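Here are some notes to read alongside the model, written as numbered points.

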Amino acid sequence: MNNKPSILIVEDDCRQNKLLTDFLLGQGYRVRSALDCGQAISLIGEEEPHLILSDVNLPDHSGLYILDHIQVARHLEIAFVAMTAFTSIDVAVEFMRKGADDYIAKPINLADLLARIGRALETKKVRSRLSQLESQVHERYSLNQIIGHSPTMQRIFRTIERVAPTNATVLITGRTGTGKEMVAKSIHIHSGRARGQFIDVDCGAMPEHLINSELFGYQKGAFTGATETRKGLFEVAGGGTIFLDEVHNLKSDLQTSLLRVLQERTFRRIGGRENIDIDVRIVAASNVDLAEAVRQGKFREDLYYRLNVISIHIPDLSARKEDIPHLITHFLKKGATRAEFNKSAFQKLMTYPWPGNVRELQNAIEYALVMGQPPFLKLEDLPIHICEHAESEVPRRTSDARSLESVERAHILRILEETGHDQGRTAEILGIDRRTLSRKLARYNEQALGS
Ligand SMILES: Nc1ncnc2c1ncn2[C@@H]1O[C@H](COP(=O)(O)OP(=O)(O)OP(=O)(O)O)[C@@H](O)[C@H]1O
Ligand SMILES: [Mg+2]
């Protein structure tokens with residue numbers, strides 16, 4: 001990995017652009033360059049630079065456009081230095097007011113440029129560390145970032161308050177994007193374990209041969225390559241919470257080891273002799289119906305009962321529409337600018353079925369903030385599949401016996417088709433994790449082969 005700071009130069013004068021590029025390369029920076037705002041924004045999308053050095057007058061827009069973009073798209077770590085003509089102090093002021101870190105007057109004095117770049121990078125680093133700390137504090141003390149006015153969400157909040165202080169194991173179920181991880185974190189934050197770590201274990205993502213050693217750790221010499229004794233996550237999370245995400249993906253031998261740990265509250269490192277007591281709260285989550293998985297023999301029944309001491313089920317967003325307006329306000333407020341949806345856009349947000357649940361709603365709002373012109377957001381600013389979604393596409397008649405799962409599948413496959421089988425783009429549109437998408441697709445494949 002290359003740790004040198006990276007700079008994106010945005011300058012339409014080719015000679016000037018080349019000169020700056022060569023100079024900064026010579027100083028050891030990594031440099032990419034763009035000739036206009038459009039190019040710059042796509043380069044930022046590919047890889048976030050540490051600093052942008054941008055001209056003011058560019059062929060497609062003003063450099064302010066890039067500054068707006070990095071704020072709306074929350075690339076908050078990027079430092080921004082504007083290059084202004086000597087005479088336009090007003091422009092420089094405008095840039096600083098909009099959040100640029102510094103400006104430099106043209107013609108550019110290279111020594112001055114270097115000093116300013118160095119300083120802007122440094123300030124940005126300190127500031128982002130500060131805001132990280134602030135947000136940790138904020139997360140810890142703000143009672144609820146979870147928005148929910150519907151009776152079901154209110155009931156979930158009461159359950160969280162009630163169970164958080166206990167050590168009870170909690171099983172959270174709900175489809176993708178309904179907020180399972182948020183609920184898990186909230187349980188941790190409101191428990192006596194808030195000072196300990198919250199460790200997120202994605203049982204689906206971890207390679208099978210690693211998960212044992214990841215969870216339980218190993219003793220030096222336990223196997224080839226175990227050159228040091230290493231603690232597993234159960235130890236690292238001591239005093240805190242372990243979040244077993246997508247727990248339905250645990251392979252059967254791991255289900256057995258986990259069951260043993262839960263029963264005995266103690267474990268051994270791989271190759272270790274000593275029993276180590278565990279001091280963790282276990283919260284598990286699953287987006288499939290675990291009881292059904294038990295019936296199908298895919299999940300151990302005894303483990304299911306161990307995990308399902310307290311269960312929290314988060315319903316689909318479409319089943320709690322009264323939460324939608326509050327979520328909209330919440331996500332709009334998170335954007336850097338003030339904004340509001342017009343009536344038809346709002347109407348669409350209320351009626352769209354949200355197969356990707358809250359995550360999809362959040363993504364749609366962020367998309368509109370970028371693509372539209374805040375503060376006035378219109379129907380057309382929403383992602384196209386939402387904007388053009390016709391209500392009749394959702395089966396509404398009760399006689400339509402399609403299961404939610406088959407509707408979800410049809411929707412996913414349609415978007416995949418529309419994006420020309422671009423999985424990254426599909427996951428983005430659906431507002432689901434890429435891994436979740438590929439898992440679903442693999443399952444459809446299996447089903448197709450099996451039938
Ligand atoms: N009630 C809510 N209020 C505010 N934000 C929410 C709410 N529910 C979900 N979100 C947001 O939606 C996104 C998805 O939430 P989260 O990761 O908790 O879902 P999940 O159920 O774990 O999804 P997956 O099954 O795909 O992992 C996050 O960005 C989260 O901040
Ligand atoms: Mg999750």
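1. A word on contacts first: two residues are in contact when they have heavy atoms within 4.5 Å. In this predicted model, residues 24 or more positions apart account for 68% of the contacts in the protein chain with a separation of 6 or more.

2. Some housekeeping. Residues are numbered from 1 along each chain as its sequence is written, and chains are lettered from A and ligands numbered from 1 in the order in which they are written. Local features need pLDDT of at least 70 and side-chain atom pairs count only at pLDDT 80 or more, while totals for chains, interfaces and linings use all residues; side-chain values use heavy atoms, with hydrogens and water left out.

3. The overall picture: the protein chain has 19 helices and 16 strands, taken as DSSP runs numbered from the N terminus (helices are H or I, at least four residues; strands are E, at least two). Its C-alpha trace spans about 75 × 65 × 45 Å along the principal axes. Of the 451 residues, 45% are buried (under 20% relative accessible area, with exposed over 50% and partly exposed in between; 1.4 Å probe, protein chains only).

4. Now to the largest nonpolar core, which has 32 residues. Such a core is a set of buried Ala, Val, Leu, Ile, Met, Phe, Trp, Tyr and Cys residues joined through side-chain atoms within 4.5 Å. Among the residues with the most contacts inside it are L215, F234, I242 and F299. Elements giving two or more residues include β7 (198-202), α8 (208-216) and β10 (241-245), and α10 provides the largest share, five residues. Beyond its neighbours within four places in sequence, F234 touches residues including L215, I242, L258 and I282. A second, separate core of 26 residues includes Y352, L361, I386 and C387.

5. Which residues of helix α3 (residues 64-72) are buried? They are L64, I66, L67, H69, I70 and V72. Their packing partners include β1 (6-10), β3 (51-55), α4 (89-97) and α15 (357-371).

6. Helix α15 also meets helix α13 (residues 324-334): the two axes come within 10 Å and cross at roughly 45 degrees. Axes here are lines fitted to C-alpha atoms, for helices over the stretch in contact, and angles run from 0 to 180 degrees between N-to-C directions. The pair is therefore oblique (under 35 degrees is roughly parallel, over 145 roughly antiparallel, 65 to 115 roughly perpendicular, and the rest oblique). Residues making the contact include L327 and F331 of α13 and L361 and I365 of α15.

7. Another helix pair is α17 (residues 404-418) and α18 (residues 423-430), whose axes come within 9 Å and cross at roughly 130 degrees. These helices, too, are therefore oblique to each other. H411, I412, I415 and L416 in α17 meet Q423, T426, I429 and L430 in α18.

8. Finally, some backbone spots to look at. Most residues other than glycine have a negative phi, and most peptide bonds are trans. R265, not a glycine, has a positive phi of about 55 degrees; R265 sits in the loop between α10 and β11 (266-267) and is partly exposed, at 32% relative accessibility. N357 also has a positive phi of about 55 degrees, but N357 lies in helix α15 and is buried, at 0%. Cis peptide bonds join K106 to P107, with omega about -5 degrees, and P374 to P375, with omega about 10 degrees. P107 lies in the loop between β5 (102-106) and α5 (110-141), and P375 in the loop between α15 and β16 (376-377).
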